Amino acid sequence: MKILFAADEFPYSGVALKMAAGLAMNTWSDITLMGVVPSVADKPATQSSIAGALEQYRETFYELCSHEDSPFKLDRVLWEWIPMQDGAWEQIKVFRGAHKDVRILLRFGQPAMEILKEARNLQSDLIVLGSTSGDRCLWSEAADTPQKVVASAESSVLLVKEDMAVKRIVVCIDDVPIGQEALEMINQMIVIHGASLVLIGLTKEGGTKPAVYQRMIEVGDYYADRGIHVESRTAEISELETLISQETREDMLTLSMSKKSVLGMLFSREWVERFVSACKSSVLVLR
Amino acid sequence: METEHKFQILILDDEPIVCKRLKPALEKAGYEAETFTQSAMALHRITEKEFDVVITDLKMEGLDGMAFLTEVKKRYPKTEVIVITGFATMDTARQSYQKGVFDFVAKPFKLKEILDVVENALAKRTATEKGNVP
């Protein structure tokens, strides 16, 4: 699995880093820490506050992930040929992790666009980023970055809003099958958090399509067969926003936003942003 | 007439969709791949044939991936084993490495990721056979 952790220099990004580090360590994922410097910065990029924050995040990451069994433990110092400009090469001394390395990137421009571009370049399976908690989910400077990334990313996105233990993973189900990659991403979240699973079948105007029940049974069986505790219920699709804001305080909300899913088809990007804003805790948007 | 040598890969995953996805991708990359959804059948197959690389899931009914990995390495120490799992933990990763796994890949993954790992595993195996790796 490939994780892109996208951050600015504010405390909520530090909270999201803990989540990203836990995921990377348990899944032995490749992880990239990324920050974006505004194009109109008034000083060299490496002296920017985001560059300083990235250095701090790297230190924190290694504090969290450098114990004896960690794949990221720095235990090799190697001389490596590194490609430079104009076809030149230079041999540089580098630290390598026991099995996995961390990449740290600084990009220039509009944060959401740069994050989305880098996620495509890296072929990330998951983008992790933090945002302000409570009723809104913003970044302090490029305010709409979390919402833009959630709405437009091609990969799954984990938006971390609170530093709290996740007790339940809440998955909204419609009549479109959940893809294998989405099922696997949910698996990993359940295992990492030791959480239980709640399936919510989405109904429309009082009626439940047989296909929704069918999907709930399929997904429920998939996880039950793997020894995971599953609760199931239904909810009106029109009440989803209220349900999200009232009932997901200690949960990780999971929304399937594939092109074929009802949520993906019925709701515009603005609605995705509203759902994510309404949720008080972390949100995993699956694609 | 000389026949082209193809590296032999065994895939074991109790989810047929994973086998269905991996087999054509590996074959397109020039490897010969056999898939199994039951560990007992895969276990029988390795008594008949040595594979260059084994890709195995961990959590399966019957003989699990960890036991299968142990059996493969006991029988063919040079075979490189790649673990793929939807239920990754530090503990399972550590155990896998203690048993000599080449790499540990958490699901979901992109096909390119697993193809890169297979290529690296085969490079290591080839180097080992040539005596270039201690």
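## Salt bridges across the model

Over all chains, a search of the whole structure finds 28 salt bridges, where a salt bridge is a side-chain nitrogen of Lys or Arg within 4 Å of a carboxyl oxygen of Asp or Glu. This is a predicted model, in which local features need pLDDT of at least 70 and side-chain atom pairs count only at pLDDT 80 or more, while totals for chains, interfaces and linings use all residues. Residues are numbered from 1 along each chain as its sequence is written, chains are lettered from A and ligands numbered from 1 in the order in which they are written, and side-chain values use heavy atoms, with hydrogens and water left out.

Let's start with a pair in chain A. A:Lys100 forms a salt bridge with A:Asp30, with the closest N and O atoms 3.8 Å apart. This pair links distant parts of the chain, as A:Lys100 lies in the loop between β4 and β5 (102-108) of chain A and A:Asp30 in strand β2 of chain A, 70 residues apart. Helices (H or I, at least four residues) and strands (E, at least two) are DSSP runs, numbered from the N terminus. A:Lys100 is buried at 8% relative accessibility, whereas A:Asp30 is partly exposed at 29%. Here buried means under 20% relative accessible area, exposed over 50% and partly exposed in between (1.4 Å probe, protein chains only). Another pair is A:Glu68 and A:Lys73, whose side chains meet at 3.2 Å, N to O; A:Glu68 is exposed at 60% and A:Lys73 partly exposed at 23%.

In chain B, the side chains of B:Lys107 and B:Glu15 meet in a salt bridge at 3.7 Å, N to O. B:Lys107 sits in the loop between β5 and α5 of chain B and B:Glu15 in the loop between β1 (8-12) and α1 (16-28), so the pair ties together parts that are 92 residues apart in sequence. Both count as buried: B:Lys107 has a relative accessible area of 1%, and B:Glu15 has 9%. The two also belong to a network of salt bridges that links A:Arg226, B:Asp13, B:Glu15, B:Asp57 and B:Lys107.

B:Lys107 has one more feature to look at: a cis peptide bond joins this residue to B:Pro108, with omega about 0°. B:Pro108 is placed in the loop between β5 (103-106) and α5 of chain B.

## Helix α5 of chain B

Helix α5 of chain B (residues 111-130) has 20 residues and reaches 29 Å from its first C-alpha to its last, close to the 28 Å expected at 1.5 Å a residue. That expected span is 1.5 Å times one less than the number of residues. Buried residues in this helix include B:Glu113, B:Ile114, B:Val117 and B:Arg125. Just after the helix, B:Gly131 takes a positive phi of about 80°.

## Where chains A and B meet

26 residues of chain A are in contact (heavy atoms within 4.5 Å) with 24 residues of chain B. The two chains bury about 2200 Å² between them, 53% of it on carbon and sulfur atoms; this is the accessible area (1.4 Å probe) that two parts lose on being put together, summed over both.

There are 3 salt bridges between chain A and chain B. B:Lys110 and A:Asp125 meet in a salt bridge through their side chains, at 3.0 Å, N to O. On the side of chain A that touches chain B, α1 (11-27) and α5 (180-193) of chain A each supply at least two residues. Helix α5(A) gives the most, with 7 residues.

A:Val276, in helix α9 (residues 269-278) of chain A, is buried with a relative accessible area of 1%. Beyond its neighbours within four places in sequence, A:Val276 is in contact with residues including A:Cys137, A:Val150 and A:Leu159. A:Thr32, in strand β2 (residues 30-37), is buried too, at 6%. A:Thr32 and A:Ile3 are 29 residues apart in sequence and 6.4 Å apart in space, C-alpha to C-alpha.

Most residues other than glycine have a negative phi, and most peptide bonds are trans. A:Trp28 has a positive phi near 50° and lies in the loop between α1 and β2 of chain A, where A:Trp28 counts as buried at 4%. A:Asp86 has a positive phi near 60° and is placed in the loop between β3 (74-83) and β4 (89-97), but counts as exposed at 80%.
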